[in-house]
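Have the sequence and the 3D view open, and follow along one stop at a time.

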Amino acid sequence: MIYSALKAAHVASVIIFVGGVLVDAVFLSIASGSGQPAISAVRRWGRTVTTPAMLLAWTLGLTMALQQGWFASFWLPTKLAFVLLLSALHGMQSGRLRRLEGGQTPAPNAMVRLGGLLTVGSVVAIAFLAVMKPG
Amino acid sequence: MVSAGRARTGGDERDAEAAPAGRAAETEIRQLSRLQLLSLIEGATLILLVFVCMPLKHFAGLPLGSKIMGPVHGLAFLAYVWTVVETVSGGGWKAGEIVRLVVAAFVPFGTFANHGLLTDKRRRLSDSECDSAGPST
């Protein structure tokens, strides 16, 4: 039990740490004069890295769930709710970045404004549910 | 001289205003094209699954098609719904249009029925792009 909790906390910490390193990498690439506008660089990163990774995560996750018969459990549908929230957040962020790149300033949205908090909270919940598999 | 200078400045300002509007319309048209392509893929995989693979599984005892097409459609469904979220998050969509786009993913031929809505949106954006480019040409 303690080992599983430690493992879940470790996985959540690693994901948040790597997310932060990627933010720094993208920001520094823009700040060091990569030549393209910041929004275009962030959108390009989303298109080439974040969105394919999200689709791969969905594909591999659903394949594992089907193979192991996890859909009847409590933890997987609960975890899926957090995964859906994160995927929707990424979609909203992507939509807003597109508008900003087009020279528009879309009205602020509560979910996008709280994006950082929602991401960290969801990652912690997902890591604990996936590693400890309660129920 | 002064009036010519003013006219040139006015033209430059119009160009400066038209450029972002044209760029925004171009970005939205590209996004709508992506959504239209994904809606066709989602619709086609759903039709194959419901009208070909499932009858083969239940009436001919051939489950292979469902085993392959099930996950393929699942992925197409996810990609379509995610692209709907990405598209409508930019704003400018009525609640009814958003519901229509989402519900279509669950109904065979549903996404094909939205083809007209998306084409119409694209045409209006193309027109606005031409209008914004008009004065400078």
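**A walk through chains B and A**

Start with Leu56(B), which you'll find in helix α1 of chain B. Keep in mind as you look around that this is a predicted model. Which helix gives the patch its largest share? That's helix α1 of chain B, covering residues 2-60, with 5 residues.

Now hop over to chain A. The C-alpha trace of chain A spans about 50 × 25 × 25 Å along its principal axes.

Next, look at how two of these helices meet. Helix α1 of chain A (residues 2-31) packs against helix α5 of chain A (residues 115-132) at an angle of about 145°, and their axes sit 8 Å apart. The crossing of α1(A) and α5(A) is right-handed. On the α1(A) side, the contact residues include Ala5(A), Ala8(A), Val11(A), Ile15(A) and Ile16(A), while α5(A) brings in residues including Val120(A), Val124(A), Phe128(A) and Met132(A). Sorted by class, this contact has 14 nonpolar residues, 1 polar and 1 charged.

Last stop: charges. Side chains of opposite charge can pair when their charged atoms come close. Over all chains, the structure holds 7 salt bridges. One of them joins Glu101(A) to Arg43(A), with the closest N and O atoms 2.5 Å apart. Because Glu101(A) belongs to helix α3 (residues 75-101) of chain A and Arg43(A) to helix α2 (residues 38-68) of chain A, this pair ties together parts that are 58 residues apart in sequence.

Terms used. Residues are numbered from 1 along each chain as its sequence is written. Chains are lettered from A and ligands numbered from 1 in the order in which they are written. This is a predicted model: local features need pLDDT of at least 70, side-chain atom pairs count only at pLDDT 80 or more; totals for chains, interfaces and linings use all residues. Side-chain values use heavy atoms; hydrogens and water are left out. Axes are lines fitted to C-alpha atoms, for helices over the stretch in contact, and angles run from 0 to 180 degrees between N-to-C directions. Helices (H or I, at least four residues) and strands (E, at least two) are DSSP runs, numbered from the N terminus. A crossing is left-handed if the near helix is turned anticlockwise from the far one by less than a right angle, and right-handed if clockwise. Contact means heavy atoms within 4.5 Å. Ala, Val, Leu, Ile, Met, Phe, Trp, Tyr, Cys and Pro count as nonpolar, Asp, Glu, Lys and Arg as charged, and the others, Gly among them, as polar. A salt bridge is a side-chain nitrogen of Lys or Arg within 4 Å of a carboxyl oxygen of Asp or Glu.
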